[in-house]
There are 2 protein chains.
Amino acid sequence: MPENVQVLHARWIIPVEPAGAVLDDHAVVIAGTRITALLPGAKARHEHPDADHVELPQHALIPGLVNAHTHAAMSLFRGLADDVPLERWLEDHVWPAERRFVDREFVREGTRLAAAEFLRGGTTCFNDMYFFPDEAAAAAAAAGIRAVVGMLVIGFPSAWAATPQEYLANGQRVHDAFRDHPLIRTAFAPHSAYAVEESTLTRIAMLAEELDVPIQMHVHETAAEVAESLARHGLRPLARLQRLGLVNERLLAVHMTQLDDGEIELVARAGVSVVHCPESNMKLAAGFCPVAKLATAGANIALGTDGAASNNDLDMLAELRTTALLAKAVAGDPCAAPAADVLRMATLNGAKALRLEHEIGSLEPGKQADVVAVDLGDVRSQPVYTPLAQLVYTGHRDQITDVWVAGRRVVENRRLTSLDEAELVKSAQRWRARIQGGGRSD
Amino acid sequence: MPENVQVLHARWIIPVEPAGAVLDDHAVVIAGTRITALLPGAKARHEHPDADHVELPQHALIPGLVNAHTHAAMSLFRGLADDVPLERWLEDHVWPAERRFVDREFVREGTRLAAAEFLRGGTTCFNDMYFFPDEAAAAAAAAGIRAVVGMLVIGFPSAWAATPQEYLANGQRVHDAFRDHPLIRTAFAPHSAYAVEESTLTRIAMLAEELDVPIQMHVHETAAEVAESLARHGLRPLARLQRLGLVNERLLAVHMTQLDDGEIELVARAGVSVVHCPESNMKLAAGFCPVAKLATAGANIALGTDGAASNNDLDMLAELRTTALLAKAVAGDPCAAPAADVLRMATLNGAKALRLEHEIGSLEPGKQADVVAVDLGDVRSQPVYTPLAQLVYTGHRDQITDVWVAGRRVVENRRLTSLDEAELVKSAQRWRARIQGGGRSD
């Protein structure tokens, strides 16, 4: 049977690679799950007369966005507690709620809810860190979204696992179960250098080589974390991780708000990917990641939303914009983090961090057809001098009309084709009633 | 003839006054242009059987947002130049484009384009600073949006006026022409302490008393501005303004990114309104306004988007969110700028800055019916633990479905009733072709 061929005709195509390129009136040709060509629109019509042609006359096509750090299922805790100190947020709200409510069903429903928000917002791949990654993987697969699920390890027992050994064993079972799934990958996800013991971290470094997977961790999220590490171990967390053999190309170091110049050099040289989560860092007053300095040093910077409990949305387009604005403010330089660079962070750099850069992250022949259509024709986007800057500085997720993942059109005219929104709303409301009824007195 | 009565039934009403209040299943009763009551929904149905009842079953009603600093017509320059240093942005891009293209028609069309974006985004009142304020006022009035238009004074000739005297005279003619218009007010708008000479500023202080209007100015936008003032005058700009008699309750000091503790005390004590424009400040790397310190000192803080050339949108809901996030990050305190305070900045504080707090800024009987309905039922907003925090941290302008200004429903089910969006898009595209063709070579 011949593969289904789709031809997406768009006013602009921003392929991300080559850097800064914008193609006018071109088309993306998709055969099955993969991109086979980028052609001038007329040529694509001529060469593919029998294909399914999709007309996007006032749209920009971009690669699917890669959310390189999130806790998807926490969408059910969105807005559970705001405007409170980090310790109270964790100790009085998030951790008690997690102990009480997080089980298989919670992760399944929370991940489905997050997947709806991801897809509607143009995120086609997310890197998850949470309990029950098998449920997250299954929910993502069913929703038609690409996911890297974390083989979580954290230093306390949960409904998912009791000991570090059990976390690792359960994680590896998830890795094995999904190893041939086209949309699902795994990564090790030790929570942090303070919440996982050293022997386990060493073991993870070894296992990551064996399984050939990345490792994502919270690293240098707050000044307090760094100070505590210095007091307890005489070393900053990054130095500890280096001693344990984790500072290399496999590492996704999430947050990194506390970095001296030597550490910036180190991560750039070692090929560590820094996952910048600006909105979460701002909301929790965690600190400022030195994005401009990292970029100058040549580090690979990817972007994440973090979980919906600390953001409070999973909107990557907003995160792009915040990244561009905040990097300028922090560097004191309006030229820092220009639009093209920020879009690259949210696509190809994220793919690279996840070791998927040969499959996703740009619109190039041979890559998976993860494509997002952004309507720039709305009155609120006018006029359009430069589509790339317009996308970053004026783009809102409501302008995203269509999304493809591996060639499947999962959002069509702003409607999800793989998930039932009304049912998800009802499910979230049931969870709210249960959590608010049982966990808080108001 | 009896006045038209509308009853807006909403899942939640957030009246802003009293502070932090959220009413469940209440209704706003509107007679003609004014709010007459807030009642439980059932009671409102019983008392007003013949009224026009509007059902908003999954919405929050909030007061219309007040954009306390913008240059509306610059929407036609949206995205003209990004990621460039401030001086190049002004000297190579904005000022040449203004000299070449800004005329009556530009201001009319640009303000109409901005008005569409304001209304769709829940802004029902904007405080403008630009050339041809008479055109801005007429465009706003026709669009059904409330505006305070600036009697601009700037130290160079333009198509609007040649000398300070002419700027003042033209401004006062606008004041006289619109003095009885229900939607239009005026304010003096001397550009800044560096771009207007002292004798003119002194005269403006006197005229503002006579006409009983506010004065809006850019103050302490950048460190360079402060340094230059110190070098030229031996005083920081705020100190110069104090010497000239402008530091009082009439002053809207816009930006204020450079403030020492004494200045924070001064503006709080003198009743100056600080207009915080966080996204513009970030994008131009101007500096950080100390919002938490100003709030603690008791200063009146209002919010603005600035113009679309430096933001690049006119989205007040996004500005609220950025304000809440940035204030926390800058203060190093996740409790800074809580949701209720930030919504107040964007409504009642803005009204107070414009001396309109008895007319707008909260949903209270007797006030003008400027009301915004935000749909919190979308899958991307679920679940809703606390509507106020949800609005600030998760609210996107695409969730705004209906907007009333002075009782007139100017947005209905996400469609403008007072402006033709398709026509505005065409107009913006014509201007882009002209400006891009004539002003730049790409």
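Which helices of chain A each supply at least two residues of the lining of the largest pocket? They are helix 2 (86-101) and helix 7 (223-233). This is a predicted model, where local features need pLDDT of at least 70, side-chain atom pairs count only at pLDDT 80 or more, and totals for chains, interfaces and linings use all residues. Residues are numbered from 1 along each chain as its sequence is written, chains are lettered from A and ligands numbered from 1 in the order written, and side-chain values use heavy atoms, without hydrogens and water.

**Pocket and cavity**

Helix 2 of chain A gives the largest share of the pocket lining, eight residues. Helices here are DSSP runs (H or I, at least four residues), numbered from the N terminus. The lining has 38 residues, and Leu90(A), Trp95(A), His191(A), Tyr194(A) and Glu221(A) are the closest to the pocket's centre.

The whole structure holds seven cavities of 30 Å³ or more. On a 1 Å grid over the protein atoms alone, a cavity is a set of points where a 1.4 Å probe fits but cannot get out; a pocket is an open set with protein on both sides within 12 Å along at least five of seven lines; lining residues have an atom within 4 Å of a point. A volume is the space filled by probe spheres set on the points, which are joined across faces, edges and corners.

| Space | Volume | Lining by class |
|---|---|---|
| Largest pocket | about 890 Å³ | 22 nonpolar, nine polar, seven charged residues |
| Largest cavity | about 270 Å³ | seven nonpolar, six polar, nine charged residues |

Ala, Val, Leu, Ile, Met, Phe, Trp, Tyr, Cys and Pro count as nonpolar, Asp, Glu, Lys and Arg as charged, and the others, Gly among them, as polar.

Both chains line the largest cavity: helix 10 (278-283) and helix 12 of each supply at least two residues. Helix 12 of chain A gives the largest share, five residues. Nearest the centre lie Glu279(A), Ala318(A), Arg321(A), Ala318(B) and Arg321(B).

**A helix pair in chain B**

Helix 12 (residues 316-331) of chain B packs against helix 13 (residues 339-353) of chain B at about 135 degrees, with axes 9 Å apart. Axes are lines fitted to C-alpha atoms over the stretch in contact, and angles run from 0 to 180 degrees between N-to-C directions. The two helices are therefore oblique to each other (under 35 degrees is roughly parallel, over 145 roughly antiparallel, 65 to 115 roughly perpendicular, the rest oblique).

Helix 12 of chain B brings Met316(B), Leu320(B), Thr323(B) and Ala324(B) to the contact (heavy atoms within 4.5 Å), and helix 13 of chain B brings Val342(B), Leu343(B), Met345(B) and Ala346(B). Seven of these residues are nonpolar, one is polar and none is charged.
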